[in-house]
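Please keep the sequence and the coordinates open while reading.

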Amino acid sequence: MTGTISTDVLIVGAGPVGLFAVFELGLLDLKCHLIDILDKPGGQCAELYPEKPIYDIPGWPSISAQGLVDKLLEQVAPFKPDFTYNRMVSSLEKLEDGGFRVITDENEVFEAKVVVIAAGGGSFQPKRPPIPGIEPYEGKSVFYSVRRMEDFRGQDLVIVGGGDSALDWTLNLQPVAKSITLVHRRPEFRAAPDSVNKMYAMQEAKQLEFRVGQVTGLAGTDGQLSSATIKGGPDGDVEVPCTRMLPFFGLTMKLGPIAEWGLNLHENLIPVDTEKFQTSVPGIFAVGDINWYPGKLKLILSGFHEVALMAQAAKRVISPGERIVFQYTTSSTSLQKKLGVSG
Amino acid sequence: MTKLTFIAHDGTHFDVDAENGSTVMENAIRNAVPGIEAECGGACACATCHVYVDDAWTAEVGEPEAMEEDMLDFAYDVQPNSRLSCQIKVRDALDGLVVRVPERQG
């Protein structure tokens, strides 16, 4: 465990709205630290549709989602935000001084005066594959990631999927596993052609088996798999030995542990007021797609508006009694100084 | 207007008038057809608007492009007539199109 990381504002989610929050909070001299479950900033824009053009960002008749993320990063750079990637926030507790302690799934400890939830559709998590009855095996013999290759030594391993994760782990775990069956619903792969060629070469050498089809059934006891049924291939239904399974079916979004933070929820969204965008817990704000209020529209531009107002409220929480002078970036020399531009 | 028919998993028929140029998914959402989730809003990024095209229509509707095939990898019980409805554009030639909604999306 590392030491406690202290910041003014902890932002959960580094999507476009979380990023622009850094700007609005920065103008009010508040320092931000962002945590995101992805390995990069940008949220859905970067993960789901980086190349898609967005047409409703004011002033940009058309901008690619990744282009918008890049511009936002450039815009917030003067405020030197800190980022922690590949982490999910797991718990939150209120401190006696009015701040919050937030702990991640890797046990890093953050202390912040204010918490801003900008988690969009929730955190990206591995998608559960469409295999009936998979739940009891999860975490015991079905895994969605490889933490230690040793865990797969001597196992009859079934890997499902056609992307880079599926192919990379097929190649990497082949020397360790007792047997490897790669299952994909078609002979074409999304993975890098080089990995696919290597896989076919290993199949030629009888070092692994590639089957076209879909896994439709699992057998085992007490969470321990023994076999998997594969349907749709040229041989009809086939049962293959399987003591470990690694399905790679992409990512989906889930609210995750935030649901346990004691905030009021409305159908997995966090209700806020439209003056401060504050949740039912004072000092915790929610902005962007994750919040809800009458008339809410899940638009990036709405999120930008929300963070501007939220920042004012957050400043009042952190510096009660301090007079906030409303200023424009076009004319205020003090704001321009913060932005690093000469007035 | 082009007529589309969605057949929900429980057998309920939804006959809708669709505008040319709109996607089959948009018409499902507008008409609250159960079983079409369209989580990503039509970006071909989630595979939750999966439908089965009626056999009489597969030739006219056509085959998925590579990007859609990739996304179909994440769908449940994919069949040769599977398509993502956000990638089918409504046009005159599809007047009378019938699609079935699968048991579940992913």
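The points below cover domains, cores, a sheet and an interface.

This is a predicted model. Chain A is assigned two domains, domain 1 and domain 2. Chain B holds an open sheet of 5 strands and touches chain A through 11 of its residues.

**Domains of chain A**
- Domain 1 comes in two segments, 5-125 and 252-339.
- Domain 2 covers 128-249.
- The centres of the two domains, taken over C-alpha atoms, are 38 Å apart.

**Nonpolar cores**
- The largest nonpolar core has 59 residues.
- Leu157(A), Val158(A), Ile159(A), Val160(A), Ala166(A) and Met245(A) touch the most other members of that core.
- Leaving out residues up to four places away in sequence, Met245(A) touches Ser141(A), Val142(A), Val158(A), Val160(A), Leu225(A) and Ala228(A).
- A second, separate core counts 53 residues, including Leu72(A), Val76(A), Ile284(A) and Phe304(A).
- In soluble globular proteins, nonpolar side chains tend to be buried together.

**Sheet of chain B**
- The strand order is S2-S1-S5-S3-S4, and the pairing is mixed.
- Strands S2 (13-18) and S4 (82-84) of chain B form the edges, each pairing on one side only.
- From one strand to the next, the twist averages 35°.
- Strand S3 (residues 50-53) of chain B pairs with S4(B) in the antiparallel sense, over 3 bridges.
- Within S4(B), Leu84(B) is the residue opposite His50(B).

**Interface**
- The side of chain B that touches chain A has 6 nonpolar, 1 polar and 4 charged residues.

How values were computed: Residues numbered from 1 in each chain as written. Chains lettered and ligands numbered in written order. Predicted model: local features only at pLDDT ≥ 70, side-chain atom pairs only at ≥ 80, totals over all residues. Contact = placed C-beta atoms within 7 Å. Nonpolar A, V, L, I, M, F, W, Y, C, P; charged D, E, K, R; others polar. Domains from an automatic or database assignment. Pairing = 2+ DSSP bridges. Helix = DSSP H or I, 4+ residues; strand = E, 2+ residues; numbered from the N terminus. Axes fitted to C-alpha atoms, helices over the stretch in contact; angles between N-to-C directions. Core = buried A, V, L, I, M, F, W, Y, C linked by C-beta atoms within 7 Å. Buried ≥ 20, exposed ≤ 12 C-beta atoms within 10 Å, placed from the backbone.
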